[in-house]
Amino acid sequence: MPMLTVGSVEIPYVLHRSDAATRARITVTPDSVEVVVPTAATEDEIAGVLHRRRAWLYEQTRHMAERMARSNAVRRFISGAKIPYRGRLMRLRVEPCDDTLVSVAYRNGFLVGCPRSVAPASHDDLIESALRLWLRKRLRQDVADLVRRHGEPNGLKPKDVRVKDQKHVWGSCGIDRVVNLNWQLVFSPRTVLEYAVVHELCHLRHRTHDRSFWGLVGTILPDWEARKAWLDQNEHFLTLRRVEPT
């Protein structure tokens, strides 16, 4: 894997050449740095782009590392573990059951039934999978409720609403009038999810973030700025990350 050296820090990155790219693009995520360049880009041109962006890359990778350090990390999906949900950390309780599938219920915390027939070594994988499935389903229900509440009454009717695994955005609204929401919004307070839904619905009328767009958001949610600020300041909370025990 190629490496960019900034001072004493080495930053690994993945390089992709693309016929569709007209200029270089660099994306930094908690997991990787991706550099996309036009197919015809020379090594000198790529090196020049990385050199010009080296300070930005250093700050972004440092920010991502700090964010990951503060994120919700679960080592074992066992009783007593804390699972983020709607802006709070909720306790997990795991109990053996005679069913054939892992079950998930919510009663002021997560109650998981784990079949006795499952080998202990598989408990974490199966419980994590069941929890993620439950959380996605719950978010779809919450989003549908919010679209009904704020969409049609304000003349904002999407063609479809989808909950997706989006890497770099909390939501999007295409020219096809399809609204997409990041499933990890299930970890945010409901008021913040409401802001994200209203934000994308307003893009059905205003494509850009101009004064008219924010004016429409404000007529629906007068306190949208406080909700947006929570989302901007608490990105690290909106994840469920599993780490291996050391």
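1. Helix α4 covers residues 190–202, 13 residues in total, and spans 18 Å from its first C-alpha to its last. That is close to the 18 Å expected at 1.5 Å a residue. The model is predicted, which applies to every point below.

2. Eleven of the 13 residues of α4 are buried, so the helix is largely enclosed by the rest of the structure. The buried set is Val192, Leu193, Glu194, Tyr195, Ala196, Val197, Val198, His199, Glu200, Leu201 and Cys202. The elements covering them include the helices α3 (123–150), α5 (211–220) and α6 (224–233), along with strands β12 (171–173) and β13 (178–182).

3. Val197 and Cys202 also belong to the largest nonpolar core, which has 46 residues. Together with Leu92, Phe110, Leu131 and Leu135, they touch the most other members. Two or more residues of this core come from each of β7 (82–85), β8 (88–97), β10 (110–115), β13, α3, α4, α5 and α6.

4. Neighbours within four places in sequence aside, Leu92 is in contact with Phe77, Ile78, Ser79, Gly80, Ala81, Ile83, Phe110, Val112 and Leu131. A second, separate core has 15 residues, among them Leu4, Ile11, Ile26 and Leu50.

5. Leu4 lies in strand β1 (residues 3–6), where side chains alternate.

6. β1 runs antiparallel to β2 (residues 9–12), and four bridges join the two strands. Leu4 has Ile11 of β2 as its bridge partner. The two strands form a hairpin with two residues between them, and Gly7 in the turn has a positive phi of about 65°.

Notes: Residues numbered from 1 in each chain as written. Predicted model: local features only at pLDDT ≥ 70, side-chain atom pairs only at ≥ 80, totals over all residues. Heavy atoms only, no water. Expected span 1.5 Å × (residues − 1). Buried < 20%, exposed > 50% of the residue type's maximum accessible area, 1.4 Å probe, protein only. Contact = heavy atoms within 4.5 Å. Core = buried A, V, L, I, M, F, W, Y, C linked by side-chain atoms within 4.5 Å. Pairing = 2+ DSSP bridges.
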